[in-house]
Amino acid sequence: MRRIFFWLGAFLTIVFTMFAQYKSPLPTQADFDVIIKDGTVYDGTGAEPKQLDVAIRGDRIAGIGDFKAAKAKRVIDAKGLAVAPGFINMLSWSVASLIQDGRSQSEIRQGVTTEIMGEGFSMGPVNDRVREAMLRMQTDVKFEIKWTTLGEYLRYLETRGVSCNVASFIGAATIRAYVIGFEDKQPTPEQLDQMRELVRKEMEAGALGIGTALIYPPATYAKTEELIELCKVAAKYQGKYISHMRSEGSRLLEALDELIRISREAKIPAEVYHIKVSGQQNWPKINDLLSRIEAAQKEGLKITADMYTYIAGGTGLDASLPPWTEDGGYPALFKRLRDPATREKIKAEVQTPANAWENLYLDAGGPEHILLVEFKSEKLKPLTGKTLAEVARMRGKDPIDTLMDLIAEDESRIGTLYFIMSEENVKKELAKPWISFCSDEASQAPEGVFLKSNPHPRAYGNFARVLGKYVRDEKVIPMKEAIRRLSGLPATNLGLDHRGLLKEGMFADVVVFDPMTIADRATYEKPHQYAVGMKHVFVNGVQVLKDGEHTGAKPGRALWGPGKTK
């Protein structure tokens with residue numbers, strides 16, 4: 001009998017030892033860093049929200065459920081508030097503003113925790129020619145270029161300190177400028193091999209894919225076949241193709257056909273950047289645009305899009321000029337604008353409707369719909385906030401002559417807003433479940449150097465505007481769907497690792513906001529105004545917004561594409 005009890009005791013000792021090794025510990029004081037209690041939790045999948053608690057430990061979500069009996073270093077009462085995954089800005093131009101101010105104030109205060117860069121032009125790779133062009137393009141924000149690759153730039157931001165996560169596509173125009181220059185010419189076989197090799201290196205270093213902006217030189221000079229070859233390399237690393245298409249106006253549908261062809265032949269997912277129909281005469285094309293994308297999806301192609309929720313686009317005043325004017329880069333453009341005979345040729349093309357290039361001057365419907373918002377020279381800054389028509393009247397000159405004079409005087413693109421879209425089309429785009437959201441602007445703050453220019457109001461308001469104006473007030477889409485398209489959808493499309501959902505084990509990018517008060521405040525006349533209604537924001541488990549105010553924390557990280565190998 002003693003022997004039986006001996007072996008039984010030994011057996012139970014082994015069993016209890018095994019259980020002790022694998023059993024999860026009960027919640028203790030040290031278990032959680034943060035518990036967000038009693039919030040209405042939207043998990044980012046589009047599922048119905050539930051009133052739950054969200055527990056954070058370190059940089060991860062430790063659990064979603066009932067943690068009322070648990071203890072944490074900090075407890076946030078979220079009763080009556082929405083809790084969601086951090087929002088992803090699918091098209092950010094914060095490449096320089098985050099060097100100036102890593103807090104990303106205008107975006108963090110809307111719940112944006114990840115910014116995606118690289119629409120056509122990227123911050124790497126860099127050689128002497130690209131570096132010279134980047135320095136020349138600097139306006140109010142000045143910075144040294146301390147990197148030579150795109151991956152090094154992202155690491156530079158992370159090391160310098162940013163409040164948001166950052167990731168980037170490779171700009172096809174940057175690759176082209178690096179190898180060929182800014183002239184209108186085609187690559188030799190050897191140059192194309194060099195371009196492919198640059199793409200390969202950046203993809204292995206963690207780039208998300210290839211980005212194009214095909215209405216702007218030198219990108220305009222690239223033929224479809226060149227883009228397919230670059231995309232074939234990116235596709236080997238699970239990359240994506242994003243594009244500001246070759247036309248958003250008169251040749252919109254042909255431009256979409258090009259994007260679909262690139263997707264099909266390179267076997268790569270493709271995204272239409274800031275989807276829109278430009279110019280009143282083209283607005284009826286919206287139904288064909290959306291239906292053609294959905295037909296491609298049914299074919300099995302991965303075609304998606306993103307958008308901002310305004311009727312004005314924002315780009316350079318030089319986007320009103322024919323692409324040949326920038327053959328050779330900006331110095332060549334400024335020289336042409338000072339030559340009387342060349343000016344007459346340019347003026348004739350600007351005022352003549354044609355399908356050969358994207359004429360934003362005509363798409364806007366005239367100079368009264370063209371708002372000047374960013375100048376490089378101090379002498380011209382008093383014109384900020386005036387329309388091209390107003391400046392032309394002040395100077396007593398023709399609007400197109402005024403346009404050319406301003407670019408030549410400022411020796412810059414001149415930041416400009418073009419009122420080219422319709423509200424009806426914005427709502428038709430909003431209704432599509434495969435469209436996510438972007439700002440197409442730089443994160444900034446209503447202070448210091450940022451006040452020298454006027455941004456598009458989307459810099460301060462686009463994401464809050466989705467949730468306030470279009471979800472709560474106008475009920476265009478439900479809250480659960482808007483949050484899915486602000487978080488889970490873009491994270492999935494981009495292949496971001498453990499981002500975009502509120503789920504145990506995911507990185508703790510979490511936002512808490514008041515669905516009854518969240519709203520944009522920025523206007524075209526007064527754009528430097530923060531959105532309201534966002535209460536708390538966590539990035540990688542660190543609180544960067546507390547009770548609506550920035551904490552100063554900069555826990556953002558460089559995020560990498562799924563094909564990263566080094």
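Two strands are taken as paired if DSSP finds at least two bridges between them, strands being DSSP runs (E, at least two residues) numbered from the N terminus. The views show a predicted model, in which local features need pLDDT of at least 70, side-chain atom pairs count only at pLDDT 80 or more, and totals for chains, interfaces and linings use all residues. Residues are numbered from 1 along each chain as its sequence is written, and side-chain values use heavy atoms, with hydrogens and water left out.

**View A. The hairpin of strands E2 and E3.** Strand E2 (residues 50-57) pairs with strand E3 (residues 60-65) in the antiparallel sense over five bridges, and Val54 stands opposite Ile64 in E3. Two residues lie between the strands, and Gly58 in the turn has a positive phi of about 65°.

**View B. An open sheet of three strands in the order E14-E16-E15.** The pairing is antiparallel; strand E14 (312-316) and strand E15 (370-374) stand at the edges, each with a single partner strand, so one side of each is left without a neighbour in the sheet. Five bridges join E14 to strand E16 (residues 415-419), where Leu417 is the bridge partner of Gly314.

**View C. The second largest cavity, holding about 50 Å³ of space.** A cavity is a set of points on a 1 Å grid over the protein atoms alone where a 1.4 Å probe fits but cannot get out, and lining residues have an atom within 4 Å of a point; the volume is the space filled by probe spheres set on the points, which are joined across faces, edges and corners. The lining includes Pro85, Ile88, Arg499, Phe507 and Asp509.

Key
1 Å grid on protein atoms, 1.4 Å probe; cavity = no way out; pocket = protein on both sides within 12 Å on 5 of 7 lines; lining within 4 Å. Helix = DSSP H or I, 4+ residues; strand = E, 2+ residues; numbered from the N terminus.
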